[in-house]
Amino acid sequence: MTFPRKRVVRQFRKRAPATSVRTGSRADDIKRSFLDNLFCGMGRLLQAATLNDLYTALALTVRDRVLKQGVHTLETYTEQDARVVAYLSAEFLPGPHLANNMLNLGIMDQAHRAMESLGIDLNKLFEQEEEPGLGNGGLGRLASCYLDSLASVEIPAIGYGIRYEFGIFDQIIRDGWQVEVTDKWLRYGNPWEIMRPELAFDVPFGGRTEQWTDEQGRQRVRWVPETVVKGVAYDTPILGYRVGTCNRLRLWKAEAVDSFDFDAFNHGDYYRAVEDKIVSENITKVLYPNDEHFEGKELRLEQQFFFVTCSLQDMIRVHLRLKRPLDQFHKCWAAQLNDTHPAIAVPEMMRLLMDEHAMDWDTAWEVTQNTFAYTNHTLLPEALETWPVSLLGRLLPRHLEIIYGINHRFLDQVRARFPHDSQRVSRMSLIDESGEKYVRMANLAAVGSHHVNGVAELHSELLKQYVMRDFAEMWPRKFCNITNGVTPRRFVARSNPPLAQLLTGSIGEGWLTDLYKLRELESFVDSTGFQEQWREVKHVAKQKLAGLIEKRTGVTVNPESLFDIQAKRIHEYKRQHLNVLHILTLYLRLQRDPQADIPARTFIFGGKAAPGYFLAKLIIKLINSVAEKVNNDPVVSDRLKVVFFPDFNVQNAQPVYPAADLSEQISLAGKEASGTGNMKFSLNGALTIGTLDGANVEIREEVGEENFFLFGLTAEQVRNEKERGYHPRNHYEHNAELREVIDFIASGALADGDKGLFRPFVDNLLISDPFLVLADYQAYVECQERVSTLWREPRAWTRTSILNVARMGKFSSDRSIRDYCKDVWQVQPMHVKMEAIEPYSQGG
């Protein structure tokens, strides 16, 4: 984040014209700016331009208007000496930028008219945009919602991450199986980013450390690395909604310090001539390499350290450029660690302060601990990141020394606070010494941060009671809850324009910046006319999704049926297979009695499985095998349809959330930290069937128990069940309908008689069933019958749908950010003036 000095700012303002011909907001202004970018910026004729040419020209046109606010934002932050939030995340899933920026600027209608006057379909340009797949799912999307909200509530902020050349894979379905295809999101370039080649930092790896004495006689440590790569900054502007604030997302790309060895080339060694370039660029080549192998683990650690050190060096650069004392760094910056991926920032901050800036340990530790806050996103033990000491010591030798130093001092505090409790000391240690030594990154993040937060009330309580109980007992005030939220701009205004128009026409447009205003909808819940409009909005969304489903899968679905949707990452704990068991239960009931009173349903799945996660990929195969069986059975095909909607990402999700009648949030209680898909579905009028897990608990509290389909064991009941010794086969043997479904899968009926295909799936359920699918099966089936009962009463269903939307005010990411500002960061909003944009032509 480059801040010009105040004198430079004043000179710029003297020179800069009050208005610019490049940033007019009327339709004719946008048209002329578009043609200027197409002709002068790209050298293209309108008549010969490709769809991508047209998209790029319009993106540059919108970017001009966004960047103007970006410059004013930097000026304001510099002049008012802002405290800045630095959001460190290994993942960001911003989604397409074009439409979102138009929405935030308020020029959507003008852009439509401008393109229409040139014979261009704006929607085609929206579809042309490649989505940056810089994350796996909820974690990256949450980070992007927070960047949107930071700008929209006018908080000085910058996001830091990695510019992966290849993002999360594109998913295709072949013979029912997931097939991963390289995500080439940069193949046509990225008009939204600005490369900053002069903004680059050295990133060392490997080597050794040396003791030395400086001129003041102080003992110092010098890291002598084996290799050094370079991190280069790429900036993407993040504009707030109808405000002057435009923050930025700064992503780092790895490059070689010397990209070409001319001497090796002259000696005929052509590979060695470019070897450094290839090896260095591998660090940011792909999102999250498969870490089943040692090389994958090493590369992942390299990625994490790479972006963390670039970001911290950048923050220190800005701080010193503004002539601020380094021992006051924490008063100027609030750095948020989004999960444990950036946790290596704690020892790296210590290294930079001590080794590079000669700060003593105690002062460096005070600065470090008061700079960072840590968000925990998981209760799954296997997801709490650890690194082998041998790997970390070989790759980052200085950091291992610092971690041991932190651990030594920290454990002395633990022993003083809890004397004679060696087991507690062992649990809280940053080093797991129970076998091969590992560094516990969650422990490191907790020790090195001033606050630790969970992301839903239940998650935060379970975090304090179980996962990080020792730390919460030692520092109870350090722990807090910040429930996740989503941005209504993208997930209603952009994803569901008909609903947004109905809301605005009924209660005004204030809900887009204050979601609690949706409460005003409650006065309309029993209005016959409003209910008809509500149902029409939902029907239009379902027709749109039905068309996309037929186009992409060849399956024809009935928009009049109940759209029952489960769209999220494929994982056992999210229990897509419980949903499948219910589908087969209905299927077998209809086989026995074709006249059974079962309302027509369309079951829609979406989500990606990690490439190395066999059982998750087998669940995708099972879903598609069930779809093939059900959709081609004339007895049931007009009552039941099953669809797997491929390549679920932000762009493909936008038509899915508005179309859902029922949202499946059925993870095992105590496993989902929060979930945000549940919020997006509810905000678009879907009713939720779910367990008391993650943010489901709070959604149910907000919308009302009577407006939420609850089933299943609680988190406490799950623990009790496992402590007693869980035997899934008991449920199989004592539930005839469940046994029939499991036997049907095991029989090979879904695999052309191959009994072995789904045997691992069946064995997993009958032998271990780690996520208690069979224990919750009967309650889930009975709850689904309550869903069918309400669906038969359209007025009652619509009333419940309206109330779900009306009571979702808590789940805006704007509220989450305000909570972080108040409870964690101690940062205040800073108003950035929106410059008046005068058109350079009349009309529009």
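This is a predicted model: local features need pLDDT of at least 70, side-chain atom pairs count only at pLDDT 80 or more; totals for chains, interfaces and linings use all residues.
Residues are numbered from 1 along each chain as its sequence is written, and side-chain values use heavy atoms, with hydrogens and water left out.

The account begins with strand β2, residues 157–162. Helices (H or I, at least four residues) and strands (E, at least two) are DSSP runs, numbered from the N terminus. Six of the six residues of β2 are buried, so the strand is largely enclosed by the rest of the structure. Here buried means under 20% relative accessible area, exposed means over 50%, and partly exposed lies in between, with a 1.4 Å probe and protein chains only. Both faces of β2 are covered: one side carries Ala 157, Gly 159 and Gly 161, the other Ile 158, Tyr 160 and Ile 162, and all are buried.

Strand β2 has pairing partners, where two strands pair if DSSP finds at least two bridges between them. Strand β1 (residues 84–88) pairs with β2 in the parallel sense over four bridges, and Val 85 stands opposite Ala 157 in β2. With strand β9 (residues 246–256), β2 pairs in the parallel sense over five bridges; Leu 249 in β9 is the bridge partner of Gly 159.

Asp 81, in the loop between α3 and β1, has a positive phi of about 55 degrees although it is not a glycine. Glu 154, in the loop between α7 (138–152) and β2, likewise is not a glycine and has a positive phi of about 65 degrees. Glu 154 counts as buried, at 16% relative accessibility.

Helix packing comes next. Two packed helices are described by the angle between their axes and the distance between the axes. Axes are lines fitted to C-alpha atoms, for helices over the stretch in contact, and angles run from 0 to 180 degrees between N-to-C directions. Helix α3 (residues 51–79) and helix α4 (residues 98–105) pack at an angle of about 35 degrees, with their axes 10 Å apart. Residues of α3, including Tyr 55, Leu 58 and Val 62, meet residues of α4, among them Leu 98 and Met 102.

Helix α23 (residues 576–592) and helix α32 (residues 773–791) have axes that come within 10 Å and cross at roughly 55 degrees. That makes α23 oblique to α32, since angles under 35 degrees count as roughly parallel, over 145 as roughly antiparallel, 65 to 115 as roughly perpendicular and the rest as oblique. The contact (heavy atoms within 4.5 Å) involves His 577, Leu 581 and Arg 589 of α23, among others, and residues of α32 including Tyr 777, Tyr 780 and Glu 785.

Two further loop residues complete the account. Asn 684 lies in the loop between α26 (677–683) and β21 (687–690) and is buried, with a relative accessible area of 2%. The side chain of Asn 684 reaches the backbone oxygen of Phe 491 at 2.9 Å. Leaving aside neighbours within four places in sequence, the contacts of Asn 684 include Phe 491, Lys 538, Tyr 657 and Val 805.

Leu 757, in the loop between α30 (736–746) and α31 (759–768), is partly exposed, with a relative accessible area of 22%. The C-alpha atoms of Leu 757 and Leu 618 are separated by 8.8 Å, although these residues are 139 residues apart along the chain.

Terms used:
A polar contact is a pair of N or O atoms within 3.5 Å; within protein, one must be able to donate a hydrogen and the other to accept it, and residues adjacent in sequence count only if both atoms are side-chain atoms.
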